Amino acid sequence: MIEAEGLTKFYGSLPAIRDVTFQVGKGEVVGFLGPNGAGKSTTIRILTCYMPPTIGAARIDGIDCFERSLEVRRKIGYLPENVPLYTDMPVRRFLRFAAGAKGVEAKKTHGEVERVIGVCGLENVAHRIIGHLSKGYRQRVGLAQALLNNPPVIVLDEPTIGLDPTQIVEIRKLIQELRGEHTILLSSHILPEVAQICQRVLIINKGQIIATDSPSNLTSQLQKSSRILLEVADRGPELAEAVEGMQGVQKVARRDGDRNRLVVETDRSRDLRPDIARLAIGRGLDLLEMRHVDLSLEQIFMQLVTEEAPQEETAS
Ligand code: ADP
Ligand code: MG
């Protein structure tokens with residue numbers, strides 16, 4: 001359904017992507033994963049007909065994106081990285097306008113607009129001005145716009161970037177509900193995000209596809225360790241030393257140079273949080289925070305490439 005064949009794009013003399021080749025089958029949900037600057041948006045803009053490649057070809061449902069872009073655009077719902085919304089328009093009026101621009105027939109416009117409002121949970125804000133909505137709701141309006149005319153292919157460029165955790169959960173849920181009916185390509189720089197939503201993941205780094213696999217294989221392959229963030233009111237170095245001696249702990253480091261804020265790297269085999277909690281309480285330490293952190297792909301790449309921890313200084 002989506003085909004990229006040897007796509008190369010130069011901006012000036014620098015290649016943003018080189019020889020990018022992949023296919024997404026009908027009904028597949030594929031993640032497009034890579035750190036910032038890897039070339040995700042460039043590839044997506046070519047697939048969605050917003051610009052031609054320097055070399056190579058892109059096709060949607062067998063139709064060339066460059067030669068027959070009008071036909072291709074009708075088959076794609078695209079949520080760009082920075083959603084270009086008309087911020088002074090109310091939601092419903094904007095969606096009517098977008099439906100017209102997308103060639104939805106006049107007599108079907110009302111039904112189609114109400115359908116996407118329902119799918120994206122916008123009923124309560126449909127009369128409100130887009131510019132007055134939260135970022136999470138604005139993203140839903142962008143998604144509603146992409147779903148107009150029920151296109152078979154949905155392309156989402158970093159749909160959760162800049163949202164708060166609650167909004168991220170809601171948008172992910174919405175995307176999950178689209179599975180089955182649509183062929184979906186979703187870009188992200190966060191591995192756990194694509195792992196949750198997608199059946200297959202393409203990894204792009206420095207403009208080249210470097211791997212494609214199932215999320216679970218990639219997660220275990222790439223994510224050798226797991227991280228826990230800790231904060232105590234006081235006696236951080238004492239906690240660091242004790243945690244360092246625990247079985248399954250690979251490394252303990254300070255966060256932001258603060259002796260009471262620690263990052264603990266552990267094996268992925270077991271969740272050490274209960275043990276750490278017991279240890280802290282046993283020593284009479286006031287534990288202010290303890291949470292798991294999702295490794296971003298950037299951090300995983302840093303781990304794979306450098307072997308040393310990127311940001312933190314060593315504790316103790
Ligand atoms: P991603 O979406 O994965 O973060 P992009 O496709 O936006 O990556 O960018 C890939 C590379 O191309 C980066 O090095 C970026 O700086 C460069 N780039 C992107 N857009 C432009 C542009 N319009 N002009 C020049 N360079 C660009
Ligand atoms: Mg991008």
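**Disulfides**

I started with the disulfides in this predicted model, and my count came to 0.

A pair has to be within 2.5 Å to count as a disulfide. I also looked up how covered cysteine 65 is: its relative accessibility is 4%, so I put it down as buried.

Next I checked cysteine 198. The closest cysteine sulfur there belongs to cysteine 120, and at 18 Å that is too far for a bond as well. Cysteine 198 has a relative accessible area of 7%, so it goes in my buried column.

**Ligand 1**

Then I moved on to the ligand. Which residues are around ligand 1? I noted Tyr11, Ala16, Pro35, Asn36, Gly37, Ala38, Gly39, Lys40, Ser41 and Thr42. I sorted this shell by type and got 4 nonpolar, 5 polar and 1 charged. Helix 1, residues 40–47, supplies the largest share of the shell, with 3 residues.

I looked up some polar atom pairs too. Lysine 40 uses its side chain: a polar atom there is 2.8 Å from an oxygen atom of ligand 1. For glycine 39 I noted a polar backbone atom 3.0 Å from a ligand 1 oxygen. Alanine 38 also has a polar backbone atom by a ligand oxygen, at 3.2 Å.

Last entry: how much of ligand 1 does the protein cover? On its own, ligand 1 has 560 Å² of accessible area, and the protein covers 57% of that.

Conventions
Residues are numbered from 1 along each chain as its sequence is written. Chains are lettered from A and ligands numbered from 1 in the order in which they are written. This is a predicted model: local features need pLDDT of at least 70, side-chain atom pairs count only at pLDDT 80 or more; totals for chains, interfaces and linings use all residues. Side-chain values use heavy atoms; hydrogens and water are left out. A residue is near a molecule or strand if one of its heavy atoms lies within 4 Å of it. A polar contact is a pair of N or O atoms within 3.5 Å; within protein, one must be able to donate a hydrogen and the other to accept it, and residues adjacent in sequence count only if both atoms are side-chain atoms. Accessible areas come from the Shrake-Rupley method with a 1.4 Å probe; for residues, only the protein chains shown count as cover. Helices (H or I, at least four residues) and strands (E, at least two) are DSSP runs, numbered from the N terminus. Ala, Val, Leu, Ile, Met, Phe, Trp, Tyr, Cys and Pro count as nonpolar, Asp, Glu, Lys and Arg as charged, and the others, Gly among them, as polar. Buried means under 20% relative accessible area, exposed over 50%, partly exposed in between (1.4 Å probe, protein chains only).
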